[in-house]
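This report goes through one protein model, from its sheets to its overall dimensions. The sequence and structure come first.

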Amino acid sequence: MFGAGGGTSSYQEIEETDLIIMWGSNAREAHPIFFHHVLKGIHNGARMFAVDPRRTSSAAWADVWLGIDVGSDIALANAVGREIIRQGLTNEEFIREATEGFDEYAEFVDDYTLARGEEITGVPADVIQQLSHEYGSAETAQLCWTLGITEHHNATDNVLSLINLALLTGHVGRYGSGLVPVRGQNNVQGGGDMGALPNKLPGFQDVEDDALRAKFESVWGAEIPAKAGKHISLMQESMDEGVLKCLYVLGENPLQSEADSQVMEKRLKGLEFIVAQDIFLTATAELADVVLPAAGWGETEGTFTSSERRVQRVRKAVDPPGEAWGDIEILSALARAMGHDWITPTAEEAWDEMRSLSPLHGGMSYQRLDDMGGIQWPCPDEDSEGDLFLHGRLWERPVTTMKAPFFPTPYAAPVDTLTDEYPMRLTTGRRLDSYNTGVQSGRYASPRRIHGVLDLSPEDGDSLGVQEGQKVKVTSRRGSVEAPVRFDRSLRPGLAFMAVHFPDDLDVNVLTIDAWDPKAGTAEFKATAVRVEALA
């Protein structure tokens, strides 16, 4: 945000803030460690609003639940912004000194009245008003979100609409107030930090910046392409066009994790060559021409980075099993096999080279990470202890660096529209005891496990004439699956839910649409139009 690829706040601040907004986040089940910090904040007196189509186990802890219609987040955010402006709850000094584009934003959101917000989102106008007033008047506030915001065809605009609210109120760049995108998986933050993005080098440095690219080229002794690469959705388009012919998959299972999985299977089977590097033989790996067995957690040295930008050491406890190697060893050996004179660096040597090139990590030696129990970036040198929160520069007077821009964001409905033929909205997500496509978590039993089912409201069960446990056929514009019904009182009529963890038994991505955000490349997993039919 504002040029930095991480959340602005620390977990400590969640515990000490006055107001918490969980927007599109069932962190109680999807991010349980983070939610412990949220619970500490609640126990310390923070009020909490939950914005979610379902009254989830996270929303159950909220003082106020906003049961928003799927995909209407921008309309809600714009209505909140308008109400904050209309009631004089903006931080005028912050807006004047630290932001730009306010007038255009204020004019844009003026059409998003409370009544219009209710009409689009399904949230009562007085509840939208309450959220607006409490966020605008809170001394400190943390605005948190996860995949309920980002797994949409307009994911980037969703995020920008929330950032606008923080800029209106000055809830960013100071202790206790911030913007918190909780990462979807362990070390997702670290992957981005290390340059596992098509347009960034380590430390979120722009690959299209000639000077930055030259810095890396001088150390790496190789030329770096001057243009950004393709994110996963563009890669899929390139497969369709026959341009991308080979795929190297490291620790991913795209056959079962990508939207519209039947099309994804055709894409993968149409490639000329696939390499899979993984700790398990995933469904994707079973399609591969070459499988490289990799070492897992506890079998290699390295670092992980959490959602609060904290880099921590990972230590080897046991040797990898069988013929499995660490990723560094595999990649180094592969480079040598392709004719390059690569050594096999230790994890610490690779890290030290990276931090010599990334200003965010310059002061994070392994010794300091060990001694301090982890460090939050930015940590430019060994005199720095890292920063609890980002963008304190916005409170300097005058602001001498880039000001934070407002972004007017128009509401756009989900691509997969509801019709008489497909009248029900299906959304997807996670459950507490399971992980992603189930490759890891599906290998052990759990007393909390809810296997592949279709969750419906009891009211929809009555209208469909089905009983709990009865199998139904679920059909979208892309395909059909059969699933047993489970009644869930957290669902409103017209909304269904399926977990993503059991693709071998119930592949929800047969149903989902691969419409994707043109800026981030994220598919719209959260908004599928379906019909549900009882089976005899």
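## Terms and basis

Two strands count as paired if DSSP finds at least two bridges between them. Helices (H or I, at least four residues) and strands (E, at least two) are DSSP runs, numbered from the N terminus.

The model is predicted: local features need pLDDT of at least 70, side-chain atom pairs count only at pLDDT 80 or more, and totals for chains, interfaces and linings use all residues. Residues are numbered from 1 along each chain as its sequence is written, and side-chain values use heavy atoms, with hydrogens and water left out.

## The sheet E12-E13-E14

Strands E12, E13 and E14 form, in that order, an open sheet with antiparallel pairing. Its edges are strand E12 (302-305) and strand E14 (375-376), each of which pairs on one side only.

Four bridges join E12 to strand E13 (residues 310-314), and the two run antiparallel. Within this pairing, Gly302 has Val314 of E13 as its bridge partner.

Strand E1 (residues 19-23) is mostly covered, with five of its five residues buried. Here buried means under 20% relative accessible area, exposed means over 50%, and partly exposed lies in between (1.4 Å probe, protein chains only). Leu19, Ile21 and Trp23 point one way from E1, while Ile20 and Met22 point the other way; all are buried.

E1 has parallel pairings with two strands. It is joined to strand E5 (residues 141-145) by five bridges in the parallel sense, and Leu19 stands opposite Ala141 of E5. With strand E2 (residues 47-51), E1 also pairs in parallel over five bridges; there the bridge partner of Met22 is Ala50.

Gly41 belongs to helix H3 (residues 32-43). Its relative accessible area is 0%, so Gly41 is buried. Leaving aside residues up to four places away in sequence, Gly41 touches Ile14, Glu15 and Ala46, where a contact means heavy atoms within 4.5 Å. The C-alpha atoms of Gly41 and Asp18 are 8.0 Å apart, although 23 residues separate the two along the chain.

In helix H17 (residues 327-337), the residues Ile330, Ser332 and Ala335 are buried. The buried residues of H17 pack against three strands: E9 (246-250), E10 (273-278) and E11 (290-293). After H17 comes Gly339, with a positive phi near 95 degrees.

## Backbone exceptions

Most residues other than glycine have a negative phi, and most peptide bonds are trans. Two cis bonds can be looked at together. The bond between Trp377 and Pro378 is cis, with omega about 5 degrees, and the bond from Arg397 to Pro398 is cis with omega near 0 degrees. Pro378 sits in the loop between E14 and strand E15 (404-405), and Pro398 is also placed in the loop between E14 and E15.

With a relative accessible area of 23%, Asn187 is partly exposed. Asn436 is likewise not a glycine, and its phi is positive at about 45 degrees. Its place is the loop between strand E16 (424-429) and strand E17 (454-456). Asn436 is buried, with a relative accessible area of 18%.

## The protein as a whole

The secondary structure comprises 20 helices and 21 strands. The radius of gyration is 24 Å, close to the 24 Å that the globule rule gives for 536 residues, so the protein is as compact as a globular protein of that length. That radius is taken over C-alpha atoms, and the rule is 2.2 Å times the number of residues to the power 0.38. Along its principal axes the C-alpha trace spans about 65 × 65 × 45 Å.

Of the 536 residues, 53% are buried. Among contacts between residues at least 6 apart in sequence, 69% join residues at least 24 apart. The protein exposes about 23,600 Å², of which carbon and sulfur atoms supply 51%; the areas come from the Shrake-Rupley method with a 1.4 Å probe, and for residues only the protein chains shown count as cover.

There are 47 positive and 82 negative side chains, and the centres of the two sets lie 2 Å apart. Lys and Arg count as positive and Asp and Glu as negative, while His and the chain ends are not counted. Each charge is placed at NZ of Lys, CZ of Arg, CG of Asp or CD of Glu.
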